[in-house]
Amino acid sequence: MVAGHSRTGKTDFIYTLFETLSVQKVIPEDENQETAEMFPLDVTVPTPSPVRIECSDPYNSTKILLRFIDTPGLDIPNGIHRAPPSSIPGLEYAANQYADSLVGYIEQQFQATLEQESKVRRNPKSPDFQVHACLYLLNPDVILASKGLTIMDKVVLEQLTEKVNVIPCLAKSDLITVRDLQLIKGYIRNDLGNLAIYSFPEEDLEEDEVYLQSMIPFCMVNSEELYSEAGSKRAMGIVVDGKKVLGREYLWGTIEVENPKHCDFDALKTALLGTHLEDLRLSTREEFYEKWRTESLTKSRSSLLLPADLKTKMELVTLETVEE
């Protein structure tokens, strides 16, 4: 799942990631559904791609099925860092509405898993419904102006971190100076100290690997879109010296998405699909899903016991009245 600030390139990130995968099969959820585009132009609710993507795991000799989930953007008002105290309730309300849409979708996937587990005969080929990671994209201009996460970000992240592995990312990092990047990362890390974002278990890393925890928030750059005719499948990339490259072209040079010297795209991809794939799955299953499942079943049983409980109380009241 990709969420966060509006106008941070969430959809472009998904298409860029798709271009880096060795896709072997595109499996439509609905055979009658058009699959040329993974998402509608205007995503107003959390929207899963209409296909499951079977691809070779770039880090193992296995196949994996992926499902991308695009979401609407969180609209941060201009000048939010100067917002008067009287406007805070309104900002919190808007943030809660946004968080509710994301959490609601995640809980729907929990419910689908619970229903599958409750069947007498389970389908061994049942798809994995869970959202194992949520990339939360931040607008660097907003963070720099606010000197940290906005009140809206904090409201959303407090709720999201209760349901899913949240990984903060800094969008459009190619437009930030080195000095501003250091400031922005410092602001974000300071505010994240009170939030239960996903923590990369560094003990699993080799000595020569990058310590991913120190890279948060990941600096992201999306590729430009190749020119294509209307109605054709969307493709990302630019042409440099007659060769297709995922990146962005400027007057002063070219930014390459998969170049670790230019951004953290490759490191994040390695974590999501390689070094920490199983840890993300286990965390989702053993922490978030089990907690929701316990609370859901407890609530269901309480509602079933409520009528009998009320009946008992009524009988006690009747007995006390008779004795008097």
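This is a predicted model: local features need pLDDT of at least 70, side-chain atom pairs count only at pLDDT 80 or more; totals for chains, interfaces and linings use all residues.

Mentor: Residues are numbered from 1 along each chain as its sequence is written, and side-chain values use heavy atoms, with hydrogens and water left out.

Trainee: Why is Thr47 called buried?

Mentor: Buried means under 20% relative accessible area, exposed means over 50%, and partly exposed lies in between (1.4 Å probe, protein chains only). Thr47 has a relative accessible area of 16%, so Thr47 falls under the 20% limit and is buried.

Trainee: What does Thr47 touch, not counting residues up to four places away in sequence?

Mentor: With contact meaning heavy atoms within 4.5 Å, Thr47 touches Phe39, Pro40, Phe68, Ile69 and Asp70.

Trainee: How do you know that Ser49 is buried?

Mentor: The relative accessible area of Ser49 is 0%, which is under 20%, so the label buried applies. Leaving aside neighbours within four places in sequence, Ser49 is in contact with Met38, Phe39, Arg67 and Phe68.

Trainee: What makes Glu117 and Arg285 a salt bridge?

Mentor: A salt bridge requires a side-chain nitrogen of Lys or Arg within 4 Å of a carboxyl oxygen of Asp or Glu. For the side chains of Glu117 and Arg285 the N to O distance is 2.4 Å, so the pair meets the 4 Å rule. Glu117 lies in helix α2 (residues 88-117) and Arg285 in helix α7 (residues 277-323), so the pair ties together parts that are 168 residues apart in sequence. Helices here are DSSP runs of H or I with at least four residues, strands are runs of E with at least two, and both are numbered from the N terminus.

Trainee: Why is Glu117 called buried, and why is Arg285 called partly exposed?

Mentor: Glu117 has 17% relative accessibility, which is under 20% and therefore buried, whereas Arg285 has 38%, which lies between the two limits and therefore counts as partly exposed.

Trainee: How do you know that Arg179 and Asp180 form a salt bridge?

Mentor: Their closest N and O atoms are 3.9 Å apart, which is within 4 Å, so the pair qualifies. Arg179 itself counts as exposed, because its relative accessibility of 60% is over 50%.
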